[in-house]
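The following questions and answers examine selected local features of one protein chain. Please consult the sequence and the coordinates while reading.

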Amino acid sequence: MVNAVEKTNEDVPGRGILVFFQINFIVHSLSKGFGKKGQDMSEYFNVADIFGENVFNDSVMQARLPKKVYKKMREIIENGAELDLATADVVAHEMKEWAIEKGATHFTHWFQPLTGVTAEKHDSFITAPMATGKVLMSFSGKELIKGEPDASSFPSGGLRATFEARGYTAWDCTSPAFVRQDAAGATLCIPTAFCSYTGEALDQKTPLLRSMEAISEQSLRLLHLFGNTTSKKVTPSVGPEQEYFIVDRKKYLQRKDLIFTGRTLFGAMPPKGQEMDDHYFGAIRERIAAYMKDVNKELWKLGVSAKTQHNEVAPAQHEIAPIYAECNIAVDNNHLIMETLKKVAGRHGLQCLLHEKPFAGVNGSGKHNNWSLTTDDGINLLDPGVTPHENIQFLLVLTCILKAVDTHASLLRASAADVGNDHRLGANEAPPAILSVFLGEQLGDVIAQLISTGMATHSLKGGMLETGVKTLPDFRKDATDRNRTSPFAFTGNKFEFRMAGSQDSVAQSNVVLNTIVAEAFSEACDILEKAEDFNAAVHDLIKQYAVEHQRIVFNGNGYSDEWVQEAAERGLPNIKSMVDAIPAYTAEDSIKAFEKFNVFTKTELESRVEIEYETYAKTINIETKAMIDIAGKQIIPSVIKFTTALANSINSVKAACDADVSVQVDLLKEVSSLLAETKAALKKLGEVDAVGSAMEEGRSRAVFYRDEVKAAMDALRSPVDKLEMMVDKDMWPMPSYGDLIFEV
């Protein structure tokens, strides 16, 4: 996995100048060489000309808004003030005019309900017709600020009854509006939060924004202790790396399991999988390259700084990664990336699969969430500097994070809990389900010094790496290697949370990270602000946190069986299932942390727990019904057709020449036996699913689907996958794994 954030943020990842140079690097390097003699210019575009062209960003506002209104908007965005209606009216008018120039006919409040995807309701700019027969095109500040979708039609966990329909969307002005161009035309999309009539958060964005305020406030407290009075705001910077599979759409449409569930419920492994590691970083196939080119073009127009693209480990698997951005913008951009990957695939006769495990037996897809803390004046709180042992502020930040992750390991694990992720976490392709922190040799040594003596006196150096080739330069190597088996790894100047699933919003993970680190900062500041001798107190606190939470640090192989045993001895939780992860949200210490910083109320947390259990049971229920449908209507009839043809051929051969047909007879018996096993397993699956469907929603139902229904699903899949290897390919009712992942 290539980490685009790490590649571009190896120094201090301050937002302003560095981002400017990063974007310009993309722009100039990608547009270099276009337009050479003999080339068809219709195939090429200059990134500099299109980047952000469909975004109502700061430069557009500065150019179109009156100076006073622009200044007011900047104050609101930077300081969090409330947007008054008069200002909103001016902004809305200019936003509408700009969008219409882009061809927009409709606007929508684009929000993130608890469905795992985005939602939108479109309204045109048309107002009541005039006497002349013409219509006015208008968009008011009130329409910009607030929308009103049906709150009872989205998951609410009991917060909204069916008859209680009113809900509100509110513009998040820190995330710029954009025009999306597709088959529907052009639509002005306004990123919004979504809450109920009674004020509870019904979305991902609202708690994310709350958590960002919490981490900013507590980070500033910590910075003030070290004499920093210039920084006014601290922002979590995030860069989510997105993995995905691409298959041929015609073949996809022949697989009902992929259509209904996003993953293959049946399927035998092809002769070749990922054993040779030849797909990873391999040359990108032309059809995929053309697709990636269009994806990049769409994203760049939307101001998404897509930087890295490459083949991933599994055949047909790929990755795209942007340069980091402010946390809420990064979350919005990741949703745009997922939407764009799916939308553009259709234009190329392809299908994008975002499920964490679309194919059993080959690597699944994750989403690495790169997280750091950056001040408004460019200071990265996670930059250790050249001599980390002397950087007391960094050591306090680091040990506070160790404390946060150790204290709330189960909660952080729950933030990545997803039905699809249950197939992935813990396998030799993803982090284990055990939370641990990788610090590497350099920081690990510093922490070890603190634990043993209470003082850190030196930092390991990286040294030089000799290539042994005269024409190749020797180069300076890092003091720390990377560890791809760690779920929470320090990678130079940020932490990489590697547990998140490929189809999930990273909002959940960042809400938890922001909140638990804010809590750790707050508790440290409570102690240090009262200290008579600050220097002595901060050294004592760093040592205390390092000692008390050393169990969470692990630099070894997270895939090994030995680590599972060692983690248990350390007392670290090993939560393998989403069902077992969910209760962490309403654990006493979780509620305390969330309520302390007004990120979630207890009621909001309880509602999310109910939604999670409901989602788990419903997802398995859909998969079960799909298996029953496919096995009963497609697989069993196909196998019967094959056995009938085989039996007829046996009789024909006997009648014609009385030859030895023992091989055919043995094959018929084996296939018939597996067919009988399939029929019995199908019946059993239907029975247990009926029991689960009749149960009341909640934890008991989710547990039943995990323990009983999933076992019955596995029992049905086993004989079917064996049959696939025996039945005539022309008679098998669906494309095989080999057809899907190699023929793209």
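Q: Is Asn598 buried or exposed?
A: The model is a predicted one. The relative accessible area of Asn598 is 58%. Because the threshold for this class is over 50%, Asn598 counts as exposed.

Q: Where does Asn598 lie, and what is its phi?
A: Asn598 belongs to the loop between helix 20 (588-596) and helix 21 (602-657). The residue is not a glycine, yet its phi is positive. The value for Asn598 is near 55 degrees.

Q: In which loop is Phe281 placed, and what is its phi?
A: Phe281 is situated in the loop between helix 10 (256-261) and helix 11 (286-301). Although Phe281 is not a glycine, its phi is positive, at about 60 degrees.  The loop in question is therefore the one from helix 10 to helix 11, since Phe281 has its place between them.

Q: What span does helix 5 reach from its first C-alpha to its last?
A: Helix 5 covers residues 67-79, which amounts to 13 residues. At 1.5 Å a residue, the expected span is 18 Å. The span in the model is close to this, at 18 Å.

Q: Within what arc do the buried residues of helix 5 fall?
A: The buried residues of helix 5 are Val69, Tyr70, Met73, Ile76 and Ile77. An α-helix has 3.6 residues a turn, so residues three or four places apart point the same way. Viewed down the axis of helix 5, the buried residues line one face, because they fall within an arc of 125 degrees.

Q: Which elements do the buried residues of helix 5 pack against, and which exposed residues are on the face turned away?
A: The packing partners of the buried residues are helix 4 (58-64), helix 6 (85-101) and strand 6 (167-171). The face of helix 5 turned away from the buried side carries the exposed residues Lys67, Lys68, Lys71 and Asn79.

Q: Which residue just after helix 5 takes a positive phi?
A: The phi concerned is about 80 degrees. It occurs just after helix 5, and the residue is Gly80.

Q: How many residues of strand 9 are buried?
A: Strand 9 spans residues 234-248. The strand is largely enclosed by the rest of the structure, because its buried residues number 15 of 15.

Q: In what sense do strand 9 and its partners pair?
A: Strand 9 is joined to strand 14 (residues 367-375) by nine bridges, with Val234 partnered by Thr375. Two bridges link strand 9 to strand 12 (residues 325-326), where Ser237 is opposite Glu326. Four bridges connect strand 9 with strand 11 (residues 317-322), and four with strand 13 (residues 350-353). For strands 14, 12, 11 and 13, the sense of pairing with strand 9 is antiparallel.

Q: How many disulfides does the model contain?
A: The sulfur of Cys173 is 15 Å from the closest cysteine sulfur, in Cys195, which is too far for a bond. Cys189 is likewise in no disulfide, with the nearest cysteine sulfur, that of Cys173, 17 Å away. With a cut-off of 2.5 Å between sulfur atoms, the count is zero.

Definitions and conventions:
Residues numbered from 1 in each chain as written. Predicted model: local features only at pLDDT ≥ 70, side-chain atom pairs only at ≥ 80, totals over all residues. Heavy atoms only, no water. Expected span 1.5 Å × (residues − 1). Buried < 20%, exposed > 50% of the residue type's maximum accessible area, 1.4 Å probe, protein only. Arc of directions from axis to C-beta. Contact = heavy atoms within 4.5 Å. Pairing = 2+ DSSP bridges.
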